Amino acid sequence: MDWSDLRIFLAIAREGTLGAAARKIGQTQPTMGRRLRALETSLGQTLFQRTADGFVLTDEGTAVLRHAERIEDEALALQRHASGAETQLDGLLRLSSSDWFGTVMLSPVIAAFGKRHPKVTVELLTDARLYSLPRREADLVFRIKPFGEPEVISRKLLHIPYALYGKKGCKPPRAGDGSGARVVTMNAEFADMPDAVWLKRTLPNAEVASRSNNRQAQAELCAYGGGLAVLPRPLGDRDRRLVALDVGTSPPGRDTYVGYHRDLRRLARLRALLDLVIEKLAGTAP
């Protein structure tokens, strides 16, 4: 049995289709199908039911999945151990963060890091998905919730205040009312975020003009007069088209945490970048 065949099996089990699994691990769809058939032949079992909606694990496939995941954990642990012993400042580092944080806060630090260590390639991933540190989907993760995983080393990086913004020249709405105001807020998936709850409570009669899970999109909508928006101050204050509005109360800020897998604690390029991030960002938010 070839470990690479198990990787293909795991990708198909997680993605549900050959096409999505092929894109995930950088293989062609015919190759994925051929390798899966070879694995099923070597095991003498059918691992997936082929349906119109994709690939569904059989009972035998579910049993194999548990073993394959354990093998994957050991292989990744070995990879992390080998990577953690590297001392040269070259190679690849993957960072994961929210869209606005990556653009506004991390981009200047990454640029400065690149000047100091030009042989290190930094890959910045900015979307709503939580990337896995144990699976090396990312090496350094920035997020607004503390890390609970026992294998992750983490720390609070900084506290970021938020404010209510409007297009420059607009007047503040009346807190506790909001009649006549239009707002840009989070989409339904993130409606329970503290700033979105604060906005709904502070301006209960305001009309929801639009929703987005992208803070930069919210800032642009606000700047074009599309509605008032609660934004992180490092994002809102840098846009001269926007003005922070005083309604007698402020939205809650958020803490930002940074974490990495403990097996990478001796990885020189990660330590160098993390030190620079802490130097540049810790305590810098307004």
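The model is predicted: local features need pLDDT of at least 70, side-chain atom pairs count only at pLDDT 80 or more, and totals for chains, interfaces and linings use all residues. Residues are numbered from 1 along each chain as its sequence is written, and side-chain values use heavy atoms, with hydrogens and water left out.

Helices (H or I, at least four residues) and strands (E, at least two) are DSSP runs numbered from the N terminus. Two strands are taken to pair if DSSP finds at least two bridges between them. Strand 3 (residues 91-97) pairs with strand 4 in the parallel sense over seven bridges, and V122 in strand 4 is the bridge partner of L93.

Another open sheet of five strands has the order 9-8-10-7-11 and mixed pairing. Strand 9 (207-211) and strand 11 (242-245) stand at the edges with a single partner strand each, so one side of each is left without a neighbour in the sheet. The twist from one strand to the next averages 40 degrees. Strand 8 (residues 182-185) and strand 10 (residues 228-232) pair in the parallel sense over two bridges, with V184 opposite A229 in strand 10. Helix 6 (residues 194-202) packs on the sheet and touches strand 7 (162-167), strand 8 and strand 10. Helix 7 (residues 215-223) also packs on the sheet, where it touches strand 7, strand 8, strand 9, strand 10 and strand 11.

| Helix | Reference strand | Angle |
|---|---|---|
| Helix 6 | Strand 8 | about 165 degrees |
| Helix 7 | Strand 10 | about 140 degrees |

**Helix 5 against helix 9**

Helix 5 and helix 9 pack at about 125 degrees, with their axes 10 Å apart. Contact means heavy atoms within 4.5 Å. Among the residues making this contact are F101, M105 and L106 of helix 5 and L273, L276 and L281 of helix 9.

A nonpolar core is a set of buried Ala, Val, Leu, Ile, Met, Phe, Trp, Tyr and Cys residues joined through side-chain atoms within 4.5 Å. Buried means under 20% relative accessible area, exposed over 50%, and partly exposed in between (1.4 Å probe, protein chains only). The largest core has 49 residues, and those with the most contacts inside it include L95, F101, L140 and L281. Helix 5 gives the most to this core, with eight residues. Leaving aside neighbours within four places in sequence, L140 is in contact with residues including L95, V258, L270 and L274. A second, separate core of 18 residues includes L6, A21, M32 and L47.

E40 lies in helix 3 (residues 29-43) and counts as buried because its relative accessibility is 11%. Neighbours within four places in sequence aside, E40 is in contact with Q45, T46, L47, F48 and R50.

Definitions and conventions
Axes are lines fitted to C-alpha atoms, for helices over the stretch in contact, and angles run from 0 to 180 degrees between N-to-C directions.
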